[in-house]
Amino acid sequence: MRRKLVAGNWKMYGGLARNRDLLQSLAHAIGKGGKADCAVCVPFPYLAQTQELLKGTAIAWGAQTLSEHAQGAYTGETSAAMLADFGCRYVIVGHSERRSLYGESNETVAAKFVAAVQGGLAPILCLGETLEQREGNVTEQVIAAQLDAVTQVAGMNGFASAVIAYEPVWAIGTGRTATPQQAQEVHAFIRQRMAKSDAALAQRLQILYGGSVKPQNASELFGMADIDGGLIGGASLVAQDFLAICQAAG
Ligand code: PGA
């Protein structure tokens with residue numbers, strides 16, 4: 001049995017006072033751990049605060065992107081080692097907003113994935129098709145290309161501690177969730193594709209679903225055979241909702 005993981009993606013939301021309330025609520029409710037693993041991926045400036053409030057609890061934390069470079073003259077960028085300095089365990093890589101708004105190609109995403117692994121972090125690699133691609137029946141080709149770009153560069157060993165998140169772009173922040181069956185189909189496709197290179201690793205690999213997961217739909221999604229938890233955007237900003245989703249994974 002794979003352990004489930006529920007990871008919050010705060011995106012560019014938050015503030016010191018609001019974060020404190022949210023993190024303290026989470027620490028109070030699930031800080032001692034539960035059946036599912038739990039993590040929050042916060043904006044860079046709040047990593048120190050998150051570390052201070054979650055240190056010693058069972059809740060892990062991480063960032064939402066990183067530089068593909070280890071160090072150097074890259075104004076505005078943040079390296080894997082810097083994230084590790086603040087106790088990060090996870091870093092989201094290739095979120096669709098990074099791909100579409102900041103021009104991250106499959107190759108850039110692969111380089112960032114490798115940088116995360118080399119820095120001792122667990123990348124949460126996001127894959128997902130647009131509505132146009134789904135309606136054009138090319139979902140599997142799109143997911144395969146996004147995935148293969150990373151496996152070719154990182155190798156299967158690179159996935160030893162990595163997590164994959166399937167996030168259909170049309171379901172992110174739209175309130176329109178993939179049905180459990182739609183999500184399961186793509187999750188099974190991803191696992192089978194990984195299994196062609198390493199069956200044991202594919203069996204262990206946590207594949208999360210992301211895209212309008214809410215307390216109301218979480219149990220049904222997490223009940224599917226190949227869905228090992230969720231990457232949660234909007235609902236991770238409300239303690240009660242995020243806790244209910246963690247509960248649904250337990
Ligand atoms: P959402 O975002 O839960 O608000 O749809 C998910 C994500 O972007 O990771």
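**A walk through the strands and helices**

Hi everyone, let's start with strand β2, residues 37-41: three bridges join it to strand β3, residues 60-63, and the two strands run parallel. Before I go on, please keep in mind that this is a predicted model.

How does the chain get from β2 to β3? By way of helix α2, and β2, α2 and β3 together make a right-handed β-α-β unit.

Now look at another neighbour of β2. Strand β1, residues 5-9, pairs with β2 over five bridges, again in the parallel sense. Here you can pick out Leu5, whose bridge partner in β2 is Asp37. A helix takes part here too: β1, α1 and β2 form a right-handed β-α-β unit. As for how covered β2 is, four of its five residues are buried.

So much for the strands here; what about the helices? The axes of α1, residues 16-30, and α2, residues 47-54, come within 10 Å and cross at roughly 30°. Because angles under 35 degrees count as roughly parallel, α1 is roughly parallel to α2. Their crossing is right-handed. On the α1 side, the residues making the contact include Leu16, Leu23 and Ala27, and on the α2 side they include Gln49, Leu53 and Leu54.

Is it buried or exposed? Five of its five residues are buried, so β7 is largely enclosed by the rest of the structure.

Which strands pair with β7? One is β6, residues 163-166, which runs parallel to β7 and is joined to it by four bridges. In that pair, Ala165 stands opposite Leu208. Another is β8, residues 229-232, which pairs with β7 in the parallel sense over two bridges. There, Gly210 has Leu231 as its bridge partner. With helix α10, residues 215-222, β7 and β8 make a right-handed β-α-β unit.

One last stop, at a single residue. Ser96 lies in helix α4, residues 96-101. With a relative accessible area of 14%, Ser96 is buried. Leaving aside residues up to four places away in sequence, Ser96 touches Val169 and Ile172.

Technical notes: Residues numbered from 1 in each chain as written. Predicted model: local features only at pLDDT ≥ 70, side-chain atom pairs only at ≥ 80, totals over all residues. Heavy atoms only, no water. Buried < 20%, exposed > 50% of the residue type's maximum accessible area, 1.4 Å probe, protein only. Pairing = 2+ DSSP bridges. Right-handed = clockwise from strand over helix to strand, strands pointing away. Axes fitted to C-alpha atoms, helices over the stretch in contact; angles between N-to-C directions. Parallel < 35°, antiparallel > 145°, perpendicular 65-115°, else oblique. Left-handed = near helix turned anticlockwise from the far one by under 90°. Contact = heavy atoms within 4.5 Å.
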